[in-house]
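Please walk through the structure below with the text beside it.

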Number of protein chains: 4
Amino acid sequence: MTPARPLEHLRRFGYLGPRGTFTQMALEAWTGAAGSEQLPYGSVDAALDALRGGAVDAAMVPIENSVEGGVSATLDALATGEPLVVVGEVLVPITFVLCARPGTSLGAVRAVGTHSHAWAQVRRWVGAHLPAAAYVPTLSTAAAAAALAGDGEVVFDAAVCAPGAATGSGLEVLARDIGDSSGAVTRFVLVARPGTLPAPTGADKTTVVLYQQEDHPGGLLELLEQFASRGVNLTRLESRPVGGQMGRYCFSIDLEGHVNDARVGETLMGLKRVCADVRFLGSYARADGVPAVARQGTTDADFEAAAAWLARLRA
Amino acid sequence: MTPARPLEHLRRFGYLGPRGTFTQMALEAWTGAAGSEQLPYGSVDAALDALRGGAVDAAMVPIENSVEGGVSATLDALATGEPLVVVGEVLVPITFVLCARPGTSLGAVRAVGTHSHAWAQVRRWVGAHLPAAAYVPTLSTAAAAAALAGDGEVVFDAAVCAPGAATGSGLEVLARDIGDSSGAVTRFVLVARPGTLPAPTGADKTTVVLYQQEDHPGGLLELLEQFASRGVNLTRLESRPVGGQMGRYCFSIDLEGHVNDARVGETLMGLKRVCADVRFLGSYARADGVPAVARQGTTDADFEAAAAWLARLRA
Amino acid sequence: MTPARPLEHLRRFGYLGPRGTFTQMALEAWTGAAGSEQLPYGSVDAALDALRGGAVDAAMVPIENSVEGGVSATLDALATGEPLVVVGEVLVPITFVLCARPGTSLGAVRAVGTHSHAWAQVRRWVGAHLPAAAYVPTLSTAAAAAALAGDGEVVFDAAVCAPGAATGSGLEVLARDIGDSSGAVTRFVLVARPGTLPAPTGADKTTVVLYQQEDHPGGLLELLEQFASRGVNLTRLESRPVGGQMGRYCFSIDLEGHVNDARVGETLMGLKRVCADVRFLGSYARADGVPAVARQGTTDADFEAAAAWLARLRA
Amino acid sequence: MTPARPLEHLRRFGYLGPRGTFTQMALEAWTGAAGSEQLPYGSVDAALDALRGGAVDAAMVPIENSVEGGVSATLDALATGEPLVVVGEVLVPITFVLCARPGTSLGAVRAVGTHSHAWAQVRRWVGAHLPAAAYVPTLSTAAAAAALAGDGEVVFDAAVCAPGAATGSGLEVLARDIGDSSGAVTRFVLVARPGTLPAPTGADKTTVVLYQQEDHPGGLLELLEQFASRGVNLTRLESRPVGGQMGRYCFSIDLEGHVNDARVGETLMGLKRVCADVRFLGSYARADGVPAVARQGTTDADFEAAAAWLARLRA
C-alpha cells in the first residue's frame, strides 16, 4: 500500500473528510503522509480546489467503487479545469460497523445514519437485522458517527461507519463487518499539481483522458489500436459525457506502465496525434504492486534496438 | 421523448422517489405512464426489487449523469441478480431552483438541504450567492423541498430541487436556474421484467453487459472487433469492477440499433461466443429519436442478400 | 494426399501436360483419378477452358511454387471468367533428375532443356557440375524429356525433369535429386465446375478472391477483422493487380475451414457485405490432413448455442 | 517515369536481357541510365548476382505482372541472400507486335516463338488470327525476335515481342498491339547494394519483407495494426512460402512513404519489435508520382509536436 519511492516534497495533505472516513484511512496508509499535516475537506471539489490554490500539496480522494461518494466528481474534476496529476493510489478494504451510544441495544435502533453509498452496501444486513429501521443520509460515514458521539440532538440511533471512526469515539459497536459484499475494496488516489512525477517502479499505472476527433463506428477501435500495437494493457476504461451533455463522450483510461516506459510514451504520442485532445493525469506506482509483464517486443531494450536498426537504415 | 410504440401492458410504474424528483419528471414524460399508477421508492434497489417481485410492471430509474444518485446502483442492479430489461429511455433537462418557506429572504439562508449530487451541481452559484451557507444532505432533492413544506422542524432554511417540486408546495422560489452547467441533461431508463421487447423504430439502442473470458492486452480490442466487423456503433462504454473487487471487470455498453436488426443480432451472437457471459439488458427507442445510419453493407437487406448467396454456395 | 471423400462423379480429368510433368504426378496421386481418362493440355488456360467447355470434368493445375509455371495463370484464370471451384489439393515433393540419350556422359552435355521454372531450381547444381552448359527453354520439363526420347533433332543433350518422366522413356539418368532446395514441395489444385462441393472432413480449406470497395488506409485491416472476429485463420494471402493494371488490387486468400462450417459461412457473408465482390473458389480437404483447431467460441455448436440464445431474446 | 532525383553514382547497369526485352525498355526509361553501360543477363538471379559481386552498380528487373518471367524470382532473390535494396521503379506499358522475316504473310505462319508469359498474354489474338499455329518457348521475347533476325535455322516463323525489338532488326511487323489486355503495364525495379537511399520526394514507396514470430489466427491482423496505428497504407501484400516449403510464410509488402518519414520509421520499428525478422528492401520514388496523402495526425510535424508534448510530460 506504499509507493516504492516516497514523494518527499509533499508535506500538507487534504482529503475528503471529515476525520474517520475511509478516505482518511487511505491517507493514513500512505507512507509519505505519516506525521504530516492532514486537512479534511467537505467534498472532492473542495479538496481539489484547495490543491489547485496551493493550500495543500496533495489531496487524497476516492476514484473507484467508493462508499463516500465522489467517484464521478473525482473523474470529472480531474478531466476538466486547471490540470492536476495522480501521483499514487491506495486500496482500502471496506468493512462497516454499526455503532450507537452506550446502552443502545440493536433492538432499540429505529433510524440509521450514514452516507448514501455506504447505506447501499449494507442493505442486505439491515434488511435482515433491522427491517423496520429508517434511513437518514449524512455527509459521510464519519459524520454520522461524529453526530452520535457529540452532545447534540440527532434523528438517528445508530451509525454505519468505518471501524476506525467508532474507535475512541465513546460509541459502542453493535455489529461488525456488516457489509453485504465481503472482500470489497475501494480505490483512492493521491493527487498533486503538475510537475510531480513519481519514478518508475516496474509496477506502475498511467491515467489519461482521451477526447475523440469525431464519433464514428470503429472510432474507439482506432484508439485501442494505439494501445494494442505497442502491447499496452488497459485496467480501466469509461466513456463519460463531455460538458454535461449527452451524445459527446471522452474516455477515462488507466493503463499499465509509466510514461517513462518506451511503449507507454509511444502510445501516448500516438494518441496525441489521433485524438482531438489527450489529458495526461499522471504515472504512479500500483497499489497492488503487481509488476507489468511486457509482451514480446515491448521492453525498453526492444524499443532501443529497433531505433538503432532504423538509424542504420536511414544512414 | 416518447417511444414510437407505447408498451400498453405496463400499467403500474415505480420510480426513484419521492414525488417531485427529476426521476418522477422522467416518468411523467413517458407517454404510457399518463394516468397510470405511480409508486415512489426510496432507492433504485427498492424500485427494482419491487419490479422483480411483481409489485409494479416497470420502474423509472436514473442511469447517466444523475442529480439524484443511483447511477452506479442502477448499472450494478441491472448487471446482477434476477434479469431485467430496459424498455425505454427519457432525457430530462436539469434545472434547479432554490426555494424556501414564505417570507425567507436569500440573505437569511444559513443552511441548504438537497441531495449530494444536486449540491455538487450548484456549488458555483452557492459559492457566489450564499458563501456562508452550510450543506445538509437529504435523501433526494424532492425530500428536501417536502421537509421544508411540511410542519416539522428542519435544520435547513432552503432547498435545492426541481422546479416542479416547488410548484404547489407552498414554498417560494428564491432563485431559478441555479445549476452551474446550463444544458445539463440526465438520462433515465424505464425497466421491465424480461418478455417485454419494444418494436424496432429505426432509432433504437441496445444495452448489454459483457464479461470477458480472461484479461489480456488486446482483450477489449477483440470484443470491439465484434462490433466493428458488423458496423455497430457504441454510444456508451464503461468498465466496471466485478463483485466488488478490483482487478476483474465487466463492460457495460450501449450500442446503436435493436436486437431485431440483423447486424445487432449477429454482433450479440459473436459476443456470446467469445465472452464468458453476455447479459442482454434490452432494446428500446432512443429518447433523442436520432435514426441509426447503417454503414454500407450492414442493412437487414444486405444480411439477407449475403445469406441467400451463402445458401447458394452451400447447395 | 487423398480427400476423405472421393468425388466420384468426376471421371474425365485434364491437367497441365504433357505426360510426365509434375502436374500429372499430382493427378496420379489423386485417388479418384485412378483408372480415369487423363487428358494433357498445353497450358493452364487451355486445361481450364476445356473444363469450362465440358470436355473434362476436372482439371489438375499448379497453384503455388510450381516448377512448370502456371501459378499466376491459375490464380488469374480462377479469379476471372466463367466461375470454377477448387475441389481438392495435392502436394508433390519436387525432385529433379538430369537425363540424356543412352551413351551420353555428363561431361559431354553442352546444352540442357527444361522449363524455365525448373531451370531456376537447379541452377546451383548446374553451375557446379555443368558450368559451361547452355540453357534451352521448353514448354515443360516433360516436353524436354520427350523431345530427347523421340527421334527428332534436338538442340540440347540433356533434360531436367521429374524422375517419372525419365522412367520408361529409354533415357538414362545422369544425376538424381539435383534440385537446389531439398524438401521443396509444389501445391496443385483439382478444379471443377460449380455445383461440386466436397463434404467437410474437419481438415479443410476454402479459397476466395476479394475485391475491395475502395482503397484506403486500414481497408485490408477491415477485411481481416471479418476473419478475426470469427476466429478464422488464413493460410495464404496475395494482393493481385485487377485487370492487368497497377493500382487496383484484389486479394486471393486461402482460409482454414469449410464453407459449411458456421464460422466460415458467417465470415463469407461478412465479406460479401463489405466487399465490392467476393468470388468463392471452393472448399476442399487439405492435402496435409492437418485438422482445424477451432478457437474458443467458434465451433458449430458454439454458433448454434448463440443462435438459440438470440432467438430467446427476440421471442 | 523518372525519379525526382537521379542516383548519380550508379554508372553500370545490369538488366534481364537480352537487348530488346521490356526490361531493357524499363532501363532506358530510367533517366540516370542514359549513356551508361548496360549489361544484359540471362536471368534475374544472374543480374542480381552480378550486382552483389560488384560487376554492375544497379540492376533492372521485373517485379510485378511481367511478360518476361522473373517476378517470383525477383521477390525471392530480394528476400534472401546478401541484402540488396530497391532504389527506383519504372512502369512500362506492355504492347506486343507479331514480326517475321520479310516476305512472310500472316497466313503462312505455322509456329510462333516467344516467352511463355508473353504467349499467355496474346492467346486470344492468336486464337482468332492464327488458330492452327504451334507455340515454341524462347528465353525471352527479344530472344525470339533475335533468332528470327539471325541467319540460323529456327523452328518458328514469327515472333511475339516488344515493338522495339522488331525495330531495326530487319524483320517485318505483321500485326501491332496484339495483347489481349489493353492498358497492361509491367512494373520493374532498379536494385542496388545497401548504402544507396534515394532522397524522399513526397511520392515514395518502401518495400519490406516480414517474417512472423509464429502463425496464429489474427497474427497478420496484429502486423497490420502496426501500419494502421500510424496511418500507413499498403500498395502490395503477398504471403510467400519460406524456404521452399509449404506452411511457413513471410509477407512481401510495399507501403506508401519513405523510411525517412516519421510515420514510416515508427511503423518499421514497430514491425521490427513484433516480427521474428524484418528485411528492409528500400525506399524510392513512385513511378506514377502520386504524392502520399498523410492522414490526420500522421505528418512529420504531427510526430514532432507529439514528441515535444511527451518530453514536457516526462520533464
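In helix 2 of chain C, residues 44-53, the buried positions are Val44(C), Asp45(C), Ala47(C), Leu48(C) and Leu51(C). Seen down the axis of this helix, the buried residues of helix 2 of chain C fall within an arc of 165°, so they line one face of the helix. A residue is buried if 20 or more other C-beta atoms lie within 10 Å of its own, exposed if 12 or fewer, and partly exposed in between, with C-beta atoms placed from the backbone. The arc is that of the directions from the helix axis to the C-beta atoms. An α-helix has 3.6 residues a turn, so residues three or four places apart point the same way. Just after helix 2 of chain C, Gly54(C) has a positive phi of about 95°. Helices (H or I, at least four residues) and strands (E, at least two) are DSSP runs, numbered from the N terminus.

This is a predicted model, in which local features need pLDDT of at least 70 and side-chain atom pairs count only at pLDDT 80 or more, while totals for chains, interfaces and linings use all residues. Residues are numbered from 1 along each chain as its sequence is written, and chains are lettered from A and ligands numbered from 1 in the order in which they are written. The model scores ipTM 0.89 and pTM 0.89. For chain A the mean pLDDT (the predictor's confidence in each residue, from 0 to 100) is 89, and 95% of its residues reach 70 or more. Residues 1-5 of chain A have a pLDDT below 50, and beyond near neighbours in sequence this stretch has 14 contacts in the model. Two residues are in contact if their C-beta atoms, placed from the backbone, lie within 7 Å.

Chain A has ten helices and 14 strands. Its C-alpha atoms fill a box of roughly 85 × 45 × 35 Å along the principal axes. Of the 315 residues of chain A, 57% count as buried. Among contacts in chain A between residues at least 6 apart in sequence, 77% join residues at least 24 apart. Helix 9 of chain A, residues 262-274, is mostly covered, with 13 of its 13 residues buried. At 1.5 Å a residue, the 13 residues of helix 9 of chain A should span 18 Å, and its end C-alpha atoms are 19 Å apart, which agrees. The expected span of a helix is 1.5 Å times one less than its number of residues.

Some backbone details deserve a look. Most residues other than glycine have a negative phi, and most peptide bonds are trans. The peptide bond from Gly17(A) to Pro18(A) is cis, with omega near 5°; Pro18(A) sits in the loop between strand 1 (12-16) and helix 1 (22-28) of chain A. In chain C, a cis peptide bond joins Gly17(C) and Pro18(C), with omega about 5°. Asp177(A), in the loop between strand 9 (172-176) and strand 10 (185-192) of chain A, has a positive phi near 55°. Asp177(A) counts as exposed because it has 10 C-beta neighbours inside 10 Å.

How do the chains meet? Between chains B and A, 36 residues of chain B are in contact with 37 residues of chain A. Strand 12 of chain B gives the most to the side of chain B that touches chain A, with six residues. That side of chain B divides into 17 nonpolar, twelve polar and seven charged residues. Ala, Val, Leu, Ile, Met, Phe, Trp, Tyr, Cys and Pro count as nonpolar, Asp, Glu, Lys and Arg as charged, and the others, Gly among them, as polar. Copies are superposed by least squares on the C-alpha atoms of residues with pLDDT of at least 70 in both.

A rotation of 180° with 0.0 Å of shift along its axis superposes chain D on chain A, with RMSD 0.0 Å. That is the relation of a two-fold axis. Chain A and chain C do not touch, and their nearest C-alpha atoms are 10 Å apart.
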